[in-house]
Amino acid sequence: MEEETPQSDVIEIGQGIWADTEIFLASLLRPWNAYQVLIMLGLLLVALLLRRWLAPILHEWLRTREGWPKWRLRYLLVVHKRMGLILFVVGIWTVVLVMREVTWPSRSYLLGIVAELSLAWLIVALATRLIANNLLRMVIRYGAWVWVTLSVLNVTDEAEAILDGIAITAGEMRLSLLVVFQAVLIVGVLFAGARVVSRATAVRIQETTDLSPSMRVLTVKFLQLVLYGAAFFIGLRAVGVDLTGLAVLSGAIGVGLGFGLQKVVSNLVSGVILLLDKSIKPGDVISLGQTFGWINTLGARYVSITTRDGREYLIPNEDLITGQVVNWSHSNDFVRLDIHFGTSYDDDPHLVRKIAIEAAQSVERVLSHQKTVCHITGFGDSSVDYVLRFWISDPTQGLTNIRGNVYLALWDAFKANNISIPFPQREVRMLGGNGKQEDAE
């Protein structure tokens, strides 16, 4: 374990930094130092004026770049946002290089420091755009800015001593502010790297046709878990955190969370089971209760189902394991649909069956290579009852609409062949006051 920095040493280091700061501020009153400050302010003003002129031009030019990859447009937008800093960096480095050739190095000393700082800040700003999480990106960006500033000013040792002196001790564990900053920065960088690797690998896996859709999703989820878990533990080990105590603590926390998050854990395990047994996969058409639609995505906790009316239902994975699910496209995409209708007793049932089959087969989505049949199901009170059965192979396009199209085809065919569809009729007898019966339909 490292030796703790005494409180008096921390105060002494802080007083030394303050004394150096006072000396630096006093040196700004010297002629050439004042000139360098004026040059920096002038370059800053020129960069801002150029940005006001060039930024709208670049913005309009970007709007005309149709068909460009998104990553290229994204980085050009970053350039548009940081154009002022980019122009300032180009300007100040040009002035520094010229002054070092034509005059003494001491006369461009301050300009050189500002040039190094501005370039480092620009690189950090551009590099942190790879981090998707806004909070993590902001923490790493400002932390990196502070670190490069201290490095350029050559005061990293003093800053580390001060941050290491601010610490808390619990038993044998000592946690200082320096360790916290290092852990956040290293873990953040590793997380960003893990995200880039997982995205690139996920694209390759999704393009692999040898794996089923469910296995692709499972592979991507497992890869993300491994990469982010490795980034977290490697980052902690890099800053010297003892993972033995962390393992005991995480185990205790895990037991407590297990009781409070039983449903969440159940959904997570159910999601893994769904991916392994391939009972459902992205693109399948399913119905669960009153919900009918196709699977959009398989998540770790829920399944996203999109219905024909545009609604997106998030069904917990546990419901798909324990409930009765109708998968219309589990082993194949063929779906048989039934339509019930009735005709008059005066119509020839043999002709009715033939016309009904021909009418169904005339509809576009009805399969011709799958046999369409029509059977008599009974003799009703007002009609002879039939069932018409036909097949389709695209349930994702909807079921109600194809049924409606077949009903319209039946209507047109029955009209053309003078086949009537009866409606219920009843005979009502009314008894009058004189005892005579009056008949009415």
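Gly188 sits in helix H8, which covers residues 177-206. The model is predicted. Is this glycine buried or exposed? Gly188 counts as buried because its relative accessibility is 1%, and the cut-off for buried is under 20%. Val139 lies 49 residues from Gly188 in sequence. In space, the C-alpha atoms of Gly188 and Val139 are 8.5 Å apart.

**The chain as a whole**

The chain holds 14 helices and twelve strands. It has 441 residues, and buried ones make up 29% of them.

**Helices H4 and H5**

Two packed helices are described by the angle between their axes and the distance between the axes. For H4 and H5, the axes come within 9 Å. They cross at roughly 150°, and the crossing is left-handed.

Which residues of H4 meet H5? From H4 come Leu85, Ile86, Phe88, Val89, Ile92, Trp93, Val95, Val96, Met99 and Arg100. Their counterparts in H5 include Leu111, Gly112, Val114, Glu116, Ser118 and Trp121. By class, this contact has 15 nonpolar, two polar and two charged residues.

**The sheet of S8, S10 and S9**

Three strands form an open sheet. Their order is S8-S10-S9, and the pairing is antiparallel. Which strands lie at the edges? They are S8 and S9, and each pairs on one side only. From one strand to the next, the twist averages 25°.

S9 and S10 pair over six bridges in the antiparallel sense. In one example, Cys374 has Leu388 in S10 as its bridge partner.

A helix also packs on this sheet: H14 touches S8 and S10. The direction of H14 makes about 35° with that of S8.

The elements named in the last two sections run as follows.

| Element | Residues |
|---|---|
| Helix H4 | residues 83-102 |
| Helix H5 | residues 109-127 |
| Strand S8 | residues 335-343 |
| Strand S9 | residues 373-379 |
| Strand S10 | residues 384-392 |
| Helix H14 | residues 400-416 |

Conventions: Residues are numbered from 1 along each chain as its sequence is written. This is a predicted model: local features need pLDDT of at least 70, side-chain atom pairs count only at pLDDT 80 or more; totals for chains, interfaces and linings use all residues. Side-chain values use heavy atoms; hydrogens and water are left out. Axes are lines fitted to C-alpha atoms, for helices over the stretch in contact, and angles run from 0 to 180 degrees between N-to-C directions. Helices (H or I, at least four residues) and strands (E, at least two) are DSSP runs, numbered from the N terminus. A crossing is left-handed if the near helix is turned anticlockwise from the far one by less than a right angle, and right-handed if clockwise. Contact means heavy atoms within 4.5 Å. Ala, Val, Leu, Ile, Met, Phe, Trp, Tyr, Cys and Pro count as nonpolar, Asp, Glu, Lys and Arg as charged, and the others, Gly among them, as polar. Buried means under 20% relative accessible area, exposed over 50%, partly exposed in between (1.4 Å probe, protein chains only). Two strands pair if DSSP finds at least two bridges between them.
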